[in-house]
Amino acid sequence: MIYTITLNPAIDLVIITKKLEPNIVNRTEKFELQPNGKGVNVSFILKKMGIENMATGIGGGFTLDYITAGLKEKGISSNFLKVNEPTRINVFTRVLDQNREYKEVNPGPEVSEKVQDEFLKYLKTTLKERDILIISGSFSKGIKQDYLVKIAEITADKKVKLVIDSSSKAVLDTLPHHPYLLKPNDQELASFFDLNEKLDQEKIIKLARKLINAGCKNVLVSLGESGAALIDKNHAYFGNAPKISVLNTAGAGDTMLGTFIGKKELGCDTTEALKCAIAAGSDTASRTGLTDFELEKYLNEIHVSEVK
């Protein structure tokens, strides 16, 4: 079984407007409400691929109810522990005449240590050998960064494949527990090593291999409009991104991660999984919702090659 964890889920309010001006009423073109959170998105993607999974995490209020209802509607089981404060609502506004996207991301609810401990107990009693656990995104208030390490300790003990998509430097402290895959973007990869520079292919490979030598098995690096890379101990693959008109970047990285893991579970080799992951992530970025996996128009533009 594949489990996803979202410790700071959200409803995303996606707004499309021709213009956005101060101190007046701006009439928009359309809006969508989307059950969201990075792990929630991965669950939706896996289900679209025909892969059963369980969405888990922590949240609260009517907003969490909206998210779990959205998961149930798509046939995805969920188990979220509840807190008193409501789960957040984030706003993503695409202003057409500026060709810009404005992102307003709110903090999550306060999570007590008691609820945090209850969630760890749930993982200990639920996870089984050869399961996959995907933890994605930020933490709600009250959850310290070393919570990642506590989860990694459990997955190592249970012989569960751990996948981490987090910008926290606590990711580095999980490496002794041998996570199966990390998914930073290029900026996050640089920040893990206190660098503030644009990374070329050689530097991406070098930094990813540092993570691998410290215990990680695979590093999937999202490179935005430049595509993505998958690096393991012996290979480094890079794929370009197709040309698209970006509409909404929320969920593109989650789509890429979910597609890559899903394709590997379905038996695809690494290059095919990476190619499909880039195509699906690009398709999500070109629309207000997640990809529909009609990817033929992108696949011919994407070329994955090994860099020696």
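Reply: Start with helix α2. Its buried residues are Thr 63, Leu 64, Ile 67, Gly 70 and Leu 71. Keep in mind that this is a predicted model.

Me: How do you know that the buried residues of α2 line one face of the helix?

Reply: Look down the helix axis. The buried residues of α2 fall within an arc of 120°, so they line one face. The face turned away from that side carries the exposed residues Phe 62, Lys 72 and Glu 73.

Me: What covers the buried residues of α2?

Reply: The cover includes strands β2, β3, β4, β5 and β6, along with helix α1.

Me: What makes the span of α2 close to the expected one?

Reply: α2 has 13 residues. Its reach from first C-alpha to last is 19 Å, against 18 Å expected at 1.5 Å a residue. Just after α2, Gly 75 takes a positive phi of about 80°.

Me: Why is Thr 56 called buried?

Reply: Buried means under 20% relative accessible area. Thr 56 has 1%, so Thr 56 is buried. This residue sits in strand β4, residues 53–60. Beyond its sequence neighbours within four places, Thr 56 is in contact with Tyr 3, Thr 4, Ile 5, Thr 6, Asn 79, Phe 80, Phe 119 and Tyr 122.

Me: Why does Gln 34 count as buried?

Reply: The cut-off is under 20%. Gln 34 has a relative accessible area of 12%, so Gln 34 is buried. Its place is in strand β3. Leaving out residues up to four places away in sequence, Gln 34 touches Ala 10, Ile 11, Asp 12, Val 14, Tyr 66, Thr 288 and Gly 289.

Me: Why is Asn 23 called exposed?

Reply: Exposed means over 50%. Asn 23 has 83% relative accessibility, so Asn 23 counts as exposed. Its place is the loop between β2 and β3.

Me: What makes the phi of Asn 23 worth a mention?

Reply: Most residues other than glycine have a negative phi. Asn 23 has a positive one, near 65°, and is not a glycine.

Me: Why is Lys 159 called exposed?

Reply: Set its value against the cut-off of over 50%. Lys 159 has a relative accessible area of 57%, so Lys 159 is exposed. Lys 159 is found in the loop between α4 and β9. Its phi is positive too, about 60°, although Lys 159 is not a glycine.

Me: Which residues lie nearest the centre of the largest pocket?

Reply: Lys 38, Lys 103, Thr 249, Ala 252 and Gly 253, out of 48 lining residues. The volume of this pocket is about 1400 Å³. By class, its lining divides into 15 nonpolar, 22 polar and 11 charged residues.

Me: Which element gives the largest share of that lining?

Reply: Helix α8, with five residues. Elements that each supply at least two residues include β2, α1, β6, α5 and α7.

Me: What lines the second largest pocket?

Reply: There are 18 lining residues, of which Pro 35, Phe 44, Lys 48, Lys 74 and Leu 290 lie nearest the centre. β3, α1 and α2 each give two or more residues to this lining. Its classes are seven nonpolar, six polar and five charged. The space in the second largest pocket is about 370 Å³.

Key: Residues are numbered from 1 along each chain as its sequence is written. This is a predicted model: local features need pLDDT of at least 70, side-chain atom pairs count only at pLDDT 80 or more; totals for chains, interfaces and linings use all residues. Side-chain values use heavy atoms; hydrogens and water are left out. Helices (H or I, at least four residues) and strands (E, at least two) are DSSP runs, numbered from the N terminus. Buried means under 20% relative accessible area, exposed over 50%, partly exposed in between (1.4 Å probe, protein chains only). Contact means heavy atoms within 4.5 Å. On a 1 Å grid over the protein atoms alone, a cavity is a set of points where a 1.4 Å probe fits but cannot get out, and a pocket is an open set with protein on both sides within 12 Å along at least five of seven lines; lining residues have an atom within 4 Å of a point. Grid points are joined across faces, edges and corners, and a volume is the space filled by probe spheres set on the points. Ala, Val, Leu, Ile, Met, Phe, Trp, Tyr, Cys and Pro count as nonpolar, Asp, Glu, Lys and Arg as charged, and the others, Gly among them, as polar. The expected span of a helix is 1.5 Å times one less than its number of residues. The arc is that of the directions from the helix axis to the C-beta atoms.
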